[in-house]
Amino acid sequence: MSKIIARFIKDESGATAIEYGLIAALIALAIVAGATTLGENLSAQFNHIAGKLKTS
């Protein structure tokens with residue numbers, strides 16, 4: 001039984017998978033934040049252009 005526990009403690013493959021998962025989550029969060037900011041800026045720009053066209 002102690003050999004099984006020792007082997008389980010030495011196994012780091014699960015930790016590596018968790019690290020990759022965390023990296024993927026951070027990248028996804030950055031993409032969502034960037035897309036949100038870009039979308040808001042584009043919306044503001046289109047509204048500005050629409051306002052200029054209405055006054056012309």
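How many helices and strands make up the secondary structure of the protein chain? In this predicted model, the protein chain has two helices and zero strands.

**Figure 1. Overall dimensions of the protein chain.** The C-alpha trace spans about 80 × 10 × 5 Å along its principal axes. The radius of gyration of the protein chain is 25 Å, whereas a compact globule of 56 residues would have a value near 10 Å.

Figure 2. Of the 56 residues in the protein chain, 0% are buried. The accessible surface amounts to about 5200 Å², and carbon and sulfur atoms account for 70% of that area.

Figure 3. Helix 1 covers residues 2–10 and includes Ile 4. Together with Met 1, Ile 5, Phe 8 and Ile 9, Ile 4 forms a nonpolar surface patch of about 640 Å². Ile 4 counts as partly exposed because its relative accessibility is 49%, and the exposed class requires a value over 50%.

**Figure 4. Asn 47 in helix 2.** Asn 47 belongs to helix 2, which comprises residues 13–55. With a relative accessible area of 54%, Asn 47 is classed as exposed. The C-alpha atoms of Asn 47 and Leu 29 are separated by 27 Å in space, and the two residues are 18 residues apart in sequence.

How values were computed. Residues numbered from 1 in each chain as written. Predicted model: local features only at pLDDT ≥ 70, side-chain atom pairs only at ≥ 80, totals over all residues. Heavy atoms only, no water. Helix = DSSP H or I, 4+ residues; strand = E, 2+ residues; numbered from the N terminus. Rg over C-alpha atoms; globule rule 2.2 N^0.38 Å. Buried < 20%, exposed > 50% of the residue type's maximum accessible area, 1.4 Å probe, protein only. Areas by Shrake-Rupley, 256 points an atom, 1.4 Å probe, with all protein chains shown as cover. Patch = residues over 30% accessible without salt bridge, like charges linked within 9 Å, V, L, I, M, F, W, Y side chains within 5 Å. Salt bridge = Lys/Arg side-chain N within 4 Å of Asp/Glu carboxyl O.
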